[in-house]
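Student: I would like to learn how to read a few features of a model. Please take me through them one at a time.

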Amino acid sequence: MRQMLSGRIMELGIFLNGFEGIETHVLLHGNTGCLCVEVYEDNVLTYENKTFITNERGLLEIKQDMTKMHQQVTKSKRRYQ
């Protein structure tokens, strides 16, 4: 389950990164097992969260947040590049 959540977070990061004015960083630190997510909107940090990949609840929280961002950005008038 943790691998699926991590993969979905990375997928959402790639998708969000394609919208104009949105820059998403999803980092997996292999030596510590920490997944870090940063989302910038018009060069301003709007979201930041990190958790260890062994923490399923933390991964689920990040996925839910990113799913909400995905829903909002698709409703907005931002162009997909």
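Student: How does the lining of the largest pocket divide by class?

Tutor: This is a predicted model, in which local features need pLDDT of at least 70 and side-chain atom pairs count only at pLDDT 80 or more, while totals for chains, interfaces and linings use all residues. Residues are numbered from 1 along each chain as its sequence is written, and side-chain values use heavy atoms, without hydrogens and water.

Tutor: Rolling a probe the size of a water molecule over the atoms shows where empty space is left. A pocket here is an open set of points on a 1 Å grid over the protein atoms alone, where a 1.4 Å probe fits, with protein on both sides within 12 Å along at least five of seven lines; lining residues have an atom within 4 Å of a point. The lining has five nonpolar, three polar and two charged residues. Leu16, Ile22 and Arg78 are among them.

Student: What is the volume of the largest pocket, and which element gives the most to its lining?

Tutor: The volume is about 170 Å³, and α2 gives the most, with three residues. Both β2 (34-41) and α2 (56-75) give two or more.

Student: At what angle do α1 and α2 pack?

Tutor: Helix α1 (residues 2-17) packs on α2 at about 25 degrees, and their axes are 9 Å apart. The axes are lines fitted to C-alpha atoms over the stretch in contact, with angles from 0 to 180 degrees between N-to-C directions. That makes α1 roughly parallel to α2, a label for angles under 35 degrees.

Student: Which residues meet there?

Tutor: With contact meaning heavy atoms within 4.5 Å, Leu5, Ile9 and Leu12 are among those in α1, and Leu59, Met66 and Val73 are among those in α2. The contact divides into eleven nonpolar, five polar and four charged residues.

Student: What is the phi of Asp42 and of Asn43?

Tutor: Most residues other than glycine have a negative phi. Asp42 has a positive phi of about 55 degrees, and Asn43 one of about 65 degrees.

How values were computed. Grid points are joined across faces, edges and corners, and a volume is the space filled by probe spheres set on the points. Helices (H or I, at least four residues) and strands (E, at least two) are DSSP runs, numbered from the N terminus. Ala, Val, Leu, Ile, Met, Phe, Trp, Tyr, Cys and Pro count as nonpolar, Asp, Glu, Lys and Arg as charged, and the others, Gly among them, as polar. Angles under 35 degrees count as roughly parallel, over 145 as roughly antiparallel, 65 to 115 as roughly perpendicular and the rest as oblique.
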